[in-house]
Amino acid sequence: MESKMKVWSLLLALCLLASSVQAQLAVRADTLYTMNGAPIQNGVVLIRNGKIEQVGPAEAVRIPEGYRVLEASVVTPGLIDAHSVVGLAGILNYAHDQDQLDTSDPIQPELRAIDAYNARERLVAWVRRFGVTTLHTGHGPGAVISGQTMLVKTHGETVEEALIDSVATVAATLGPMVRRYFRSPGTRAKAVAMLRAALLKAQAYRRKLQAEDPTRRPDPDLKMETLVRVLDGEIPLMITAQRVPEIMAALRLQREFGFRLILDGAAEAYLVLDAIKAAGVPVILHPTMVRPRGETVNATLETAARLHAAGIPFAFQSGFESYVPKTRVVLFEAAMAVANGLPRVAALEALTIQAARILGIDDRVGSLAPGKDADLVLFDGDPFEYTTRVCGVIIDGEPVQQTCH
Amino acid sequence: MRVFWWLLLLMPGLLYGQEQPLVFRGARLYPISQPPIDRGVLVVQHGKIVAVGKEGEVAIPEAATIYDVEGKVIMPGLVDTHSHIGRVEGGDRSAPLHPAVRTLDAIDVRHSSVQRARAGGITTVNVMSGSGHLLSGQTVYLKLRKGNTIEDLLYCKDPLKEICGGLKMANGTNPQGDPPFPGTRAKAAALVRQQFLKALAYRRKIEQAKGDPEKMPARDLDMEALLEVLDGRRVVHFHTHRHDDILTVLRLKREFGFRVVLHHVSEAWKVADEIAAAGVPCSIIILDAPGGKLEAVDLRMENGAALEKAGVDVAIHTDDLITDSRWFLRAAALAVRAGMSPEKALEALTLAGARMLDLADRIGSLEPGKDADFIILSGDPLSVYTHVEQTWVEGQKVFDRADPENRKYAVGGIGVFDDGDVFVHEGH
């Protein structure tokens, strides 16, 4: 009898331990933005084993016994920073923590983001405190092709623990920015010619790979293998293009080679909305508060609103900062867009489900629906108001932050 | 007839019709010097504030032009204690200390960044040179009146006779470099001390001359500027980040007795009590993230709250274009998000900054007798949804969001800011 008791207490202790690691949670919100239908007043999300179990109005969702209940004024899905370098670029800004750009070669699609991501980087925790649960991060702008990007959650001690997708895009840049780091290309036209040559070479490599005689197939080439995956439409090419000539060059390249294009930056997108719309290309828009200088000198606070009005899918990014502040925060960038004409729900969409669609992870994140990852942000008021604070961040069902910031 | 034109030139108020009183009626007023007034009345005339108060309690002058601004918010024009607008330049790379260099000789007041500041509601700016030197030059206090020349915007009446700003100094890593720049913090402090000792010796020579022109030392522009500092007539604006660098500034102040405002002070929260004990005000920066350089890694949004709690006088600055002049109100809101009181945060954008520039008798609050510098907002000053609708300087409108030619400076667009590159910080 006594030994039976011991076994039961042991089991109970184990259950408690398990539940503290992977707690079952119920999150109740005065306003629940599911991004999967209209917002729910007095809504509840049930979370079980890291996934969303049920979503609905409080009167329709029974909170089972044993669920820990968290409450907030406003709850949204975890926010997605649709383009960052955080984790490769570190807070110190010294050579030893800046791994977003290698300048030995202007075209290096073979560089993997997973080989350079520091999951413990303080800037990862910084963006998480403002609701970012998914980061699209990796090689930065600055080279014709700087390398690969990936998708991570903003928790985990290693890149393996954080990983959603190890190869999200291949990152390319058109424009004078590349000249800062490379002797050649020294002009914008040269950069486009170099990119075309690389893609043509990859087409030839792909043809040779299909040779019937294995001995006639080419030796493995990391650069070419990656570009073949781009040509096959397996990995999108994300082209940073701020000014109109660069945006149009990106669209022209896409027409020539047929890859999946994501336009990045696009500071002058508002001048060529029809062309972008006709190409069916999504945009990861520059930070709303980007400094009006250099390639973004003509940026406006209203571009997000105009992309939305034109029906062009877009998402927000923290971008790349070379000095101070070392990163931006997408929540703040979206707020500034809302203050300048973007409807609130459109901004929330751009921060969540729209970003997830552009990055091809809308089956897992971006909205609160049964079966999806339980990534949630708890706000003590209107998410976009300056003085509203993020008072809870849940990633994969785990409350990773419970203080207010 | 000639006398008439001469009079017109002397009295810009007449030219712009400001002899008539202007009455702004119905707005919520934030005078800063007293609690907010709902349904308030602001009366201005001849570039000055005539009356501030509740509707019904303030006499409306006859023949006044009345603006019905119900639903709006009016607060004092914002005071930016640290900015680099106007393509400002200071000292060159020939030396780490340039006390003689005046930024007022190298500012383009027609540059788009100046209009950008007006769009952000800023009416007074301390324009400074950079932090790549221990002492990069004399700063200048500008009133953002409409104007074509720097003279039109100066606070001082005559730069040949008066002090027109402060002195920009810096420590920490930005001024470090190869000789003649300091390689270490201790070297930096030694170079600064040596320069001030030299100024003290210069002052002794002047005193010993007892007014005899034969015995006076040769004029030395560097020494003259430092003497103004030692005499407490020119305020030092000291860029400093790390807690020990902050303490070094306080040590220099103790040794030489100059008046100083601590700028940026990323790690002020670590030494808030020491700063309070020294009675030194702080002008802080609010950034969207810490880092970018080692000495700013521990910057916290809670800095304003920590300094307020310690009893330090706190102003906020833009450091334009480190943060954009257009989001100056936002900086205060983020400080509130991180625990600063809304009252102190709004004071940090106005009256506190005015105190740090020795201009609190003229600007920083809505009080009778003060300059008629104010902004009309669409709503709560600390809300993201609020826009600066109008900026007024000395009773004249210098920004109006309703005018497309002005509005573009608030939202950006093709060619708006494309009139030459803007100031870039020298960082590591």
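**Note on a predicted two-chain model**

1. In chain B, the hairpin of S16(B) and S17(B) has 2 residues between its strands, and B:Glu394 there takes a positive phi near 50°. The two strands, S16 (residues 388-393) and S17 (residues 396-400) of chain B, are antiparallel and joined over 4 bridges. Within this pair, B:Val393 has B:Gln396 in S17(B) as its bridge partner. Strands (E, at least two residues) and helices (H or I, at least four) are DSSP runs, numbered from the N terminus; two strands pair if DSSP finds at least two bridges between them.

2. The model is predicted: local features need pLDDT of at least 70 and side-chain atom pairs count only at pLDDT 80 or more, while totals for chains, interfaces and linings use all residues. Residues are numbered from 1 along each chain as its sequence is written, and chains are lettered from A and ligands numbered from 1 in the order in which they are written.

3. Chain A is assigned domain 1 (19-77 + 370-401) and domain 2 (79-358), with bounds that come from an automatic or database domain assignment. Taken over C-alpha atoms, the centres of domain 1 and domain 2 of chain A are 30 Å apart.

4. Between these domains of chain A, 14 residues of domain 1 are in contact with 20 residues of domain 2; contact is a C-beta to C-beta distance within 7 Å, with the C-beta atoms placed from the backbone. On the domain 1 side, two or more residues each come from strand S4 (68-77), strand S14 (390-395) and strand S15 (398-401) of chain A. S14(A) gives the largest share of that side, 3 residues. By class, the domain 1 side has 10 nonpolar, 2 polar and 2 charged residues. Here Ala, Val, Leu, Ile, Met, Phe, Trp, Tyr, Cys and Pro count as nonpolar, Asp, Glu, Lys and Arg as charged, and the others, Gly among them, as polar.

5. Chain A has an open sheet of 8 strands with mixed pairing, in the order S5-S6-S7-S8-S9-S10-S11-S12. Strands S5 (79-84) and S12 (314-316) of chain A are at the edges with a single partner strand each, so one side of each has no neighbour in the sheet. Inside the order, S10 (residues 261-265) and S11 (residues 283-285) of chain A are parallel over 3 bridges, and A:Gly265 has A:Leu285 in S11(A) as its bridge partner.

6. In chain B, an open sheet of 3 strands, also with mixed pairing, runs in the order S6-S7-S9. S6 (78-83) and S9 (140-143) of chain B are its edge strands; each has a single partner strand, so one side of each is without a neighbour in the sheet. Strand S7 (residues 122-127) of chain B runs antiparallel to S9(B), with 4 bridges between them.

7. B:Leu299 lies in the loop between strand S13 (282-285) and helix H9 (303-310) of chain B. B:Leu299 counts as buried because 25 other C-beta atoms are within 10 Å (20 or more make a residue buried, 12 or fewer exposed, and values in between partly exposed, with C-beta atoms placed from the backbone). Apart from neighbours within four places in sequence, B:Leu299 is in contact with B:Ser266, B:Leu287 and B:Pro290.

8. Between the chains, 32 residues of chain A are in contact with 34 residues of chain B. Helix H2 (122-128) and helix H9 (330-338) of chain A each supply at least two residues of the chain A side. That side divides into 18 nonpolar, 6 polar and 8 charged residues.

Notes:
Two residues are in contact if their C-beta atoms, placed from the backbone, lie within 7 Å.
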